[in-house]
Amino acid sequence: MPTFPFSAIVGQDALKEAILLSAVDPGLGGVLAFGDRGTGKTSLIRSVAQLLPPIQTIEGCAYNCKPQAALEMRDGGGENAAAFLCDSCRQKISDGTVEIINRPVPVIDLPLGATEDRVLGALDLEAALVRGEKRFEPGLLARAHRGFLYIDEVNLLEDHLIDVLLDVAASGENLVEREGMSIRHPARFVLVGSGNPEEGELRPQLLDRFGLSVEVRTPTEIDERIEIVRRRDRFDQDPDGFMASWQAPEGEIRDAILAGQAKLRDVTIPDEIMTQIAQLCITLGADGLRGELTLMRAARAAAAFDGRDQVSLTDIGRIAPSALRHRLRKQPLDETDATTRIARAMTEVGIA
Amino acid sequence: MSQGAAYPAASMPAAEPELSSFPIENAIERWAHALEAARLLARNPDLGGVILRARPGPVRDAWIKAYRERLPARLPFITLPAHTDTTRLLGGLDFAATLAAGNPVTTTGLLDSAAGGVLICSMAERMTPARAAILAARLDDTNNTFVTVLIDEGEADDPAPPECLTDRLAFPIDLEGIPAAFATDPGDNETPEDLAMSMPAPDFPDDLEDALAVSLARLGVSSLRLHLLCLRCARTIAARDARSAISEDDIITALRLVLAGRTDPLPEPPPPEPDDPPPPDQNQSETEKDDASHSSPDEALEDRIVEAVQSGLIDLRGDPGSTPRRMRQANVTDGKSGLAVPSWQTGRRIGTRAKPPEGGKRIDILATLTAAAPWQRLRREGTGEEKRLHILPSDLRIKQFEARQKTLIIFVVDISGSAAIQRLGEAKGAVEYLLTDCYSRRDEVALIGFRGREAEILLPPTRSLVRMRQTLAGVPGGGPTPLADAISKAAMLGAREQRRGKTVTIVFLTDGKGNMTLEGTADRKQAQNDAELMARGLKSLEVQSFLFDNAKRPTGQAQTIAGAMGAFYRHLPYARGAPVANLIGKAVAGQRV
């Protein structure tokens, strides 16, 4: 059964934009969605994954290996040291049974009680006990490669696990060294975390490592609520028919993402805007340099998505809140919320 | 309510002298409501399930039987015990069986077995957030989902079942206190197969769509999932009566069924005058503002619906004297600082033990294989099997970890008298510092305030700055000083959280001059005695306590109380947030102060 289509989702504009930008540039560093329950965060991510073209990989591969390297090896081109191929794919190449298939973009849910073993991968119990073999069993990170990793209630996850996840998300590689094994495999995914601030906060060191953050609210406008429930109801009654009627807008968004991905390298930022970005971050007292770097990167992705080759001031104005909101040092006893502080600072610096 | 073990089977319950007509009518009503829920759920599994407030007994069994008989015969009907481990839940390698057979033996997870059928979860009020999250995720997976019967066996001060689950289940049912003789099932004329037959879905007229949305807003329901469930329920009712369109009555019945126990059966405040200009601010979630800004031509329709629902809402309380337990968010706990405690599941790895791996203990494969390795040749010769790895139970090794225990700091603040506002401000300041400091970020904080007759838990244990600010905004102060009650309540809260495995610290901000006794009378001498008595009680709990004396000139009263409770005493006339927080933070971390 299909997932509810992305273009038919009502509202949640901030979250939608953050996810789209991450789809254009997965290296942005992930999205943190803080706010109320039941606001359709999981559905939104699944719907983006459904929108994107399927990935090409090798039949039976647990690591979502890219087929190019396999094909080169098979056609006698020797081994490409830079590309990764898992053991089972290598085996298939030598057996001559490589089969290329299409797989939908993976969206992996990280369950709340997940152990390190399940996430990173561990010694294959079955192989060890039954055959006495030392083999690595890939974890959730391998399955999320080239897709999305969604963590619900990220503020309840154990700190050391979040640490590892953020490390992998930043480097794009999972390095596992335990139980006598040393394994390294690619793990490039968009990390999306969600949580309810009423249940506890993330440490600032961890917050800072997420790329963008958005606030997600339950819609209060009656008309919006009616439309949301109405569309969901229509979808439930006839999923295929509903999907068909939204085919065109889905296609437009997909094309924009793909075009954006291609154009990303060519987008430039004018010097004056670079200066203003820096001034903004200084005015806000954001810790570290990640704020500026993320803002620049996200602005580029936004321009690419729109089909432009230059970043404009409006891009900055629109994206600054999500790039900086979670990096501001919290002043105890200061009730001003982060979004307001950013708006004030932007006016001071002349961005908005 | 009848005491004793035996429930009368066929006869009327023995007459109880004080039983008024309300409980009997209410009991009959609740049972009828429960049966109706069973019928609708059997007809349409997309309604999610029920939240069944019922302790074990014949009435609960009767309901489950009534529901099951309306389902097709071979549907999976799985019970999930309260504390199953993840392997049993999600499936995986059955370790013991694999060893025995020499081949991999996997178990199918309970959740997979339940797919397409019904899952019964007992003791849902004790479900951990992790478990609830796994279930909720599975419920959203439309290809593998199941109907959930969440059984809530809690007492009045136990938390309610997790909201992430109750939000996905249509019908709250309360069977508490219903005599067994009332729990009869007249049966339906339709067979389960008839019930499951799908018909073309009834239409939902536009004006009713709007009316449903507005009515829900006026009834204070903001969850979109519940909105969708009400819609589905109304549709199921119309389909059952073979009508082609949903009617106003269907909506009213659906709302009464779905919102029982989730909304207050109190009359709502009157909507604002039509000539008040509605504020343009989008962030208001008050229902009055929505009402004014939404131009509905059918206000009469909505009024009828809301009134009918509120007057027809079933009272979900067995005993009218007890406080109803509303569906509220269960207490969420997790965290990392505090005493290091040996654990079998989480935390930093500190070693290996030779023990059998039951009950969620994690196997240390390497150590196990290392232990078994030297014996392989001998064991192989014994049985003659070549390939298999021979592992005996004595070789098994499990991992041991060191987990950090959670800490809770309870602030007990004197908000009586004229300095109330200032003291509350100081306490708020200290709490804010504790919650924002990133090193002690994992402490939970609670606040008890005392003034007037008795002390009150103003802020239940929380780690969240947002929640603290919301809860403590606008707390009134002034009046007499019930110190004894405050100490007593702090001790009770502390003991309860200690039983849950947390390290508790209690901090008192007071001048020690209690003047209200435990009974609520204004006898100064008695009040002091009561306070000292409670203080000694607190000492026996062995929690770390602090007493910060904020009298301008200490009279020794506070010091006496501190001595009685074994608390660290300091005179701090101006208890600014940061220094207090620092002191406490250091003490909790085990450093000397």
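In the predicted model, B:Arg235 is in contact (heavy atoms within 4.5 Å) with A:Asp233, A:Gln237, B:Ala201, B:Pro202, B:Phe204 and B:Ile246, once its neighbours within four places in sequence are left aside. B:Arg235 is placed in helix H10 of chain B, helices being DSSP runs of H or I with at least four residues, numbered from the N terminus. Because its relative accessibility is 11%, B:Arg235 counts as buried, a term that means under 20% relative accessible area with a 1.4 Å probe and protein chains only.

Helix H10 of chain B (residues 224–240) also holds B:Thr236, which counts as buried because its relative accessibility is 4%. Apart from neighbours within four places in sequence, B:Thr236 is in contact with B:Leu40, B:Arg43, B:Asn44 and B:Leu47. The side chains of B:Thr236 and B:Asn44 are joined by a polar contact of 3.1 Å, that is, a pair of N or O atoms within 3.5 Å, of which, within protein, one must be able to donate a hydrogen and the other to accept it, while residues adjacent in sequence count only if both atoms are side-chain atoms.

Residues are numbered from 1 along each chain as its sequence is written, and chains are lettered from A in the order in which they are written. Local features need pLDDT of at least 70 and side-chain atom pairs count only at pLDDT 80 or more, whereas totals for chains use all residues, and side-chain values use heavy atoms, without hydrogens and water.

Chain B averages a pLDDT (the predictor's confidence in each residue, from 0 to 100) of 75.

Definitions and conventions
Helices (H or I, at least four residues) and strands (E, at least two) are DSSP runs, numbered from the N terminus. Buried means under 20% relative accessible area, exposed over 50%, partly exposed in between (1.4 Å probe, protein chains only).
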